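Hello,

Here is the structure we talked about handing over. Please load it first, then read the notes below.

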Amino acid sequence: MSEHKGNTGKVNKVNLESSIDRVIWTSGTGCAGAKAGVEVNTHFVGNNSDIKIEISDKSGKVFETVKSKISSNFFYTQITVPEKAKDELYAEVKLSKHGLNKKSNCMYVYPAVEIKNLKWDKKEARRGDILKLTADVTNVYEGAEAEIQIWEHDSDGAHDLITKFPVVVKNKKIEADWEYEYHEDTDDIPTDDETENGYKNPEYFFRVNIGGVSADSELLKFKDWIELKLEDQDGNPLKDVSYKIKLPDGKTKDGKLDSTGYAKVEDIPPGKFTIEFEDIKGVGSSK
């Protein structure tokens, strides 16, 4: 607070002292190759004033220089932790117009997290399957928190996030179980006849995130099944009837109903299908 002494009704010019109040990393630790945030708070620094931030390690080597403008006495940016940074990383803010500079607290730097051998325990999933997801992790402390994301794969790169959940690193590994259920209506999957690019069997991958570093697994394919039950108008089973199914990928599958008029056809691509029953009168095709 400043106290005014002098005539009122007169324009008085007051010089307000600018300052850099603090420069901090948003995290006390960072892994090489991961993202790290820097916050800058100032006092009486005008909007659009030039700001320069030099990123250096314990030895004083400058790895990166950020140049931008400050607004509302606040500035935030993200940098990539340099692979060759030694032990500690600092952010030094310079406001040349104001003749000010201030150095941040230390952020301790660890070797880059490595996430390898991401695997499903199966290559194909069926409804209700409990799938085990595993990955090997190095350069991270025991009990570190990670996140698993399940994505439906899209060949155009517009993957759909299905779910995500936390896990912890134990003995340099992560493990989790996930129950598979198809999250949409299989009738909405375009058949081979309905698309110019051919039928696409739904596929999935999981992603592991640890400290800003991520890696993706191999693809998992969804396989479905159908049940057939054929009866006459009186409810009596029609046994030993041959059938032909046109699958959504354009292929066909032949078979025969059992003595109770029943058949279960497994490991087929999901989607719309048609069935033709042979050897009987009055029965056509169905979906």
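**Charge and overall build**

The protein chain carries 42 positive and 53 negative side chains, and the centres of these two sets are 10 Å apart. Keep in mind that this is a predicted model.

On secondary structure, the count is 24 strands and zero helices. The radius of gyration is 32 Å, while the globule rule gives 19 Å for 287 residues, so the chain is more spread out than a compact globule. Along the principal axes, the C-alpha atoms fill a box of roughly 110 × 55 × 30 Å.

Burial comes next. Of the 287 residues, 37% count as buried. The accessible surface is about 17,500 Å², and carbon and sulfur atoms account for 43% of that. Now the contacts between residues at least 6 apart in sequence: 59% of them join residues at least 24 apart.

**Aromatic pairs**

The search of the whole structure turned up seven aromatic pairs. Trp 178 and Tyr 180 have ring centres 5.8 Å apart and planes at 85°, so this pair is edge-to-face. Both of these residues are buried.

Tyr 180 also pairs with Phe 222. Here the geometry is tilted, with 5.1 Å centre to centre and 45° between the planes. Which parts does this pair tie together? Tyr 180 sits in the loop between strand S15 (173-179) and strand S16 (203-210), and Phe 222 sits in strand S18 (residues 220-222), so the pair links parts that are 42 residues apart in sequence. Phe 222 is buried, as is Tyr 180.

There is also a cluster to look at. One aromatic cluster is formed by Trp 120, Trp 178, Tyr 180, Tyr 182, Tyr 204, Phe 206 and Phe 222.

**Backbone angles to check**

Two residues go here.

- Asn 117 has phi near 55°, a positive value in a residue other than glycine. Asn 117 lies in strand S10 (residues 114-120). Its relative accessible area is 46%, so Asn 117 is partly exposed.
- Lys 172 has phi near 65°, again positive in a residue other than glycine. Lys 172 lies in the loop between strand S14 (160-168) and S15. Is Lys 172 buried or exposed? Its relative accessible area is 57%, so Lys 172 is exposed.

Best wishes

Conventions
Residues numbered from 1 in each chain as written. Predicted model: local features only at pLDDT ≥ 70, side-chain atom pairs only at ≥ 80, totals over all residues. Heavy atoms only, no water. Helix = DSSP H or I, 4+ residues; strand = E, 2+ residues; numbered from the N terminus. Rg over C-alpha atoms; globule rule 2.2 N^0.38 Å. Buried < 20%, exposed > 50% of the residue type's maximum accessible area, 1.4 Å probe, protein only. Contact = heavy atoms within 4.5 Å. Areas by Shrake-Rupley, 256 points an atom, 1.4 Å probe, with all protein chains shown as cover. Lys, Arg positive; Asp, Glu negative; His and termini not counted. Charge placed at Lys NZ, Arg CZ, Asp CG, Glu CD. Phe/Tyr/Trp six-rings, centres within 6.5 Å; stacked < 30°, edge-to-face > 60°.
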